[in-house]
Amino acid sequence: MRIAAIEAMPPIGDASALGVLAKLMNDSDSQIASAAQENLAAMPGKKADDAIMAMLQKSSDTESQLKALELIGRRRMENVADALLKATKDNDESVRTAAIKMLGDLGGEVKFAKLVDLLLGARSPAEIRAAERALATTCKRDAKPVPGNVKIRKAVYRGAQGGGSADVTKKAAKMVADGMMTIEASNSNFGDPAQGIVKQLEIEFTANGVTQSKTVREGQSITLLVGATPPAYIDELKNAMTNAPTQQKLALLRVLRAAQGPRALDAIRTAAKDSNSDIRSEAISILCGWPSVEALNDVLKLTTASDRKVKILALRGAIRLIPLQDTGVVGKLGQFKELMPLIQRNEEKRLLLGSLAAVPSKDALAMAIAYLDHAA
C-alpha cells in the first residue's frame, strides 16, 4: 500500500509530495527507500529540482548527498555546475568523486581548464579516475568534425536481408576523390544489385590513419569525417603535464590517448623518454596502442627493445598498423618480412596472419601458407 501511494505521487504532481519522498528515501525498508527515490526522480517541475538541490547543498548526510547527485543526473538537471563544483570540495571522498564524474557530462557548462584543475588537485585514486574520465569524455564530445585524409578500403552495396550485392569500392573512392564527404546509399549512386529488396551500404575506410567501418540502410548516408579535439584542449593537457604528480601525469597521458591527433602524439613521444620509469612505461604502452599510422615509425623502433614487455607491445602495434598505411603492397610486405624473425610467440604469429589477410597479394598468401605446418 505504501509503495502504491508513493507511485501515485508523480502523476498528481503536487509539490507537497517532495518533502515526503525525500524523507522516505532514507526509510529502513529498502523497497520503500528505492520507490521513493524512483518517484522523486519522476516528479515534474522546477520545485522538484529545487528540492533535490537542497538535498545536495544543505544536507550533511553523505547518503542523502549521493542520492541527490544521482537524481540530478537522472533528471538531466541544468545549471548545476556551480553546485557540483562545490561538491568536489566536500569532506567525503565518495561525494567528491561522484560530483567530478557528473561534471564531465555537462557539456559547455564547465570549462575544460577547470576539469584539468580537478585532476591535478585530486586527493585519491578514485578522484583521479573520475577526473580522467570527465576529461576524456569532454575531448571526444567536443571534437569538431573536419575533413580528413580519407581512403576507401572496401565498399559493398547489398540486399539488407540477403540477395544480390555489388562491390562498389571504386565508385565510392571516386566520389571521395571528387570531394564528397557524405555518401548516400542509393540505387542512383550504385545501381540496383538486388531488385525489390531494401539495400544497405557497407563502407570500410581510413580517415587520418584510423580505420573505421560504417553500415547504413538504403536512403541513409555515411559521413566520412574525422573528429578533431580542439587544439586548446591539447595545450591545456600538455601544460598540465609539466608539474603534475606522477599519478596525475599518468592519467593525463591516457586523456591524450583519447584526444588523439598529431599534437597529442608528440606529447606521448616526449613522455616515452621520461626519466620516471612509470611515466615512460605508460607512454610506451599508449604509443604502441596508438590508433593511427603516424605512430608506426616510433613503434617499429621499439620492436628491437631489450625489454620483453616493450618488444611484445611494439610487435603487436606494428602488426596492427602496417596494413593501415596508404602505401603499396610491396612496402607493407617488406615491413612484415622484417618483423617475422622477431616474432616468437604464437599470439603475435596469429595477429600477423590476421593482418596478412588485409593485404591482397599472392606474396602475402605465400607468407601465410608458410605457417600451415605450425601446429598452433
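The model is predicted, so to speak of local features takes pLDDT of at least 70 and side-chain atom pairs count only at pLDDT 80 or more, while totals for chains, interfaces and linings use all residues. Numbering starts from 1 along each chain as its sequence is written, and side-chain values use heavy atoms, without hydrogens and water.

**Strands around β2**
- β2 (residues 150–159) and β5 (residues 199–207) run antiparallel, joined by nine bridges; strands pair if DSSP finds at least two bridges between them.
- On to β3 (residues 165–167): three bridges join this strand to β2, again antiparallel, and R158 is partnered with S165.
- Five residues sit between β2 and β3 in their hairpin, and G162 in the turn has a positive phi of about 100°.

**Helix α19**
- Along α19 (residues 346–356), E348, K349, L352, S355 and L356 are buried, meaning under 20% relative accessible area with a 1.4 Å probe, protein chains only.
- Those buried residues line one face of the helix, because they fall within an arc of 120° seen down the axis, taking directions from the axis to the C-beta atoms.
- They pack against α17 (308–321), α18 (329–339) and α20 (362–369), with contact meaning heavy atoms within 4.5 Å.

How values were computed:
Buried < 20%, exposed > 50% of the residue type's maximum accessible area, 1.4 Å probe, protein only. Helix = DSSP H or I, 4+ residues; strand = E, 2+ residues; numbered from the N terminus.
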